[in-house]
Amino acid sequence: MSTPADTTGNDAKAGNRISNRPLIPLVVGRALGGSAEAAAEVQRAWLESLRAAMTECDIRPLAALTDEERATAQVALVATPDPDDLRSLPNLRWVQSLWAGVDDILAAKAAPDRPPPWSIVRMRDPRMAETMAEAVLAWTLYLHRDMPAYRRQQQARQWRPRPMRRAQACTVSILGLGAMGTASAARLRAQGFSVCGWRRRAASGALSGAPGTSDDGQSGGQSGGVTVFAGDDGLRHMLAQSDILVCLLPLTAATHSLLNHDTLAQLPRGAAVINFARGAIVDSDALIAHLDSGHLSHAVLDVFAQEPLPADSPLWSHEDITILPHIAAPTDKESASVIAASNIRQFLASGRIPESVDRTRGY
Ligand SMILES: NC(=O)c1ccc[n+]([C@@H]2O[C@H](COP(=O)([O-])OP(=O)(O)OC[C@H]3O[C@@H](n4cnc5c(N)ncnc54)[C@H](OP(=O)(O)O)[C@@H]3O)[C@@H](O)[C@H]2O)c1
């Protein structure tokens, strides 16, 4: 019969034996979810689902492993890990992130001037991309159908129909046309919105497998019904025609504070912003200034430079900001565990590390 200690893998006995199954540490950040208790609960739930998907491996929390056991680990499963924890695994070759965003893991250094020698494999789960697409559609409709204004009108007991605009007359622009951006663009197109997208490379034919006619990317080529832009000029062109701007970029050196006073000023008056990527991509002071001046109409924010959002943040009480607690596209434990299991199985059989993050470009 399994005991509570068996379920967490934290018992001293389990920690003191070397298993005959490949040992895979699970490294969960101590502050994940905002407290040690929340992190312990996250760890417990992940252990259960990862163990169910990988019965041939011995998955245990890092804290339960001896130094001898840590030395056997070549791969670790990680969720917002503390860098010191990863440094305690001397023979680590790669980490499987349970999240899609890996900016925090990329920031970990082996020494102040040297990145660690291990590779990072991020979670690529089509189910997560569909969840993100659903969230992007839901909050785009929230803005397009003027729900923030109707909420305010209800509070003031005002009966005032607002002008109706067709989806086709509304341009929704997506920053980042990767797994999340591509799925979201397809969902918005199916709803009838005019959709633009911005990516790093000016490549063609990348969306929905449709033949693309993208040229240099600056002027906007068509790909699967989406007008695709790239580069600084492309960004300027796209921002100038965006009614709703959706951020789905990874946080990198190039995207940090990308949405600042200048770029937000390039949006048309009355535009709205949705940030479902990472908080540090948006300069929140600049955002508040543009909302206060009436240049921007509303912002839906799911991600913040500091999470949980501190209670004294001015973002909480701004009437033109909707705050969400990082819930746009939560990882589905069941499907993500199956994907992580498949990656690890492939590595154990062949020694090949799955496609990993490019440390130079930062995603
Ligand atoms: N809020 C949530 O619940 C949640 C959930 C999941 C993910 N996320 C966030 O969403 C982000 C994106 O995820 P993803 O899976 O779609 O990533 P991805 O597949 O790696 O796609 C990244 C996209 O961003 C573009 N890009 C990167 N750097 C750029 C730059 N400097 N200029 C222009 N475009 C740039 C890439 O361009 P190319 O196509 O040219 O490479 C690519 O299209 C994650 O990093 C994470 O932070 C949030």
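Modeller: Of the 363 residues of the chain, 39% count as buried. The model is a predicted one, and its chain holds 13 helices and 13 strands. The radius of gyration is 22 Å, close to the 21 Å that the globule rule gives for 363 residues, so the chain is as compact as a globular protein of that length. Along the principal axes, the C-alpha atoms occupy a box of roughly 70 × 50 × 40 Å. Among contacts with a separation of 6 or more, 64% join residues 24 or more positions apart.

Two domains divide the chain: domain 1 (11-125 + 332-350) and domain 2 (128-323). Their C-alpha centres are 33 Å apart. Seven residues from domain 1 and six residues from domain 2 make up the contact.

As for the ligand itself, 30 residues surround it, and the closest are Gly 101, Gly 176, Gly 178, Met 180 and Pro 250. By class, this shell comprises 18 nonpolar, seven polar and five charged residues. Three elements, α7 (126-144), α9 (179-190) and β7 (194-199), each contribute at least two residues to the shell. The largest share comes from α9, which supplies three residues.

Methods: Residues numbered from 1 in each chain as written. Predicted model: local features only at pLDDT ≥ 70, side-chain atom pairs only at ≥ 80, totals over all residues. Near = placed C-beta within 6 Å. Helix = DSSP H or I, 4+ residues; strand = E, 2+ residues; numbered from the N terminus. Nonpolar A, V, L, I, M, F, W, Y, C, P; charged D, E, K, R; others polar. Rg over C-alpha atoms; globule rule 2.2 N^0.38 Å. Buried ≥ 20, exposed ≤ 12 C-beta atoms within 10 Å, placed from the backbone. Contact = placed C-beta atoms within 7 Å. Domains from an automatic or database assignment.
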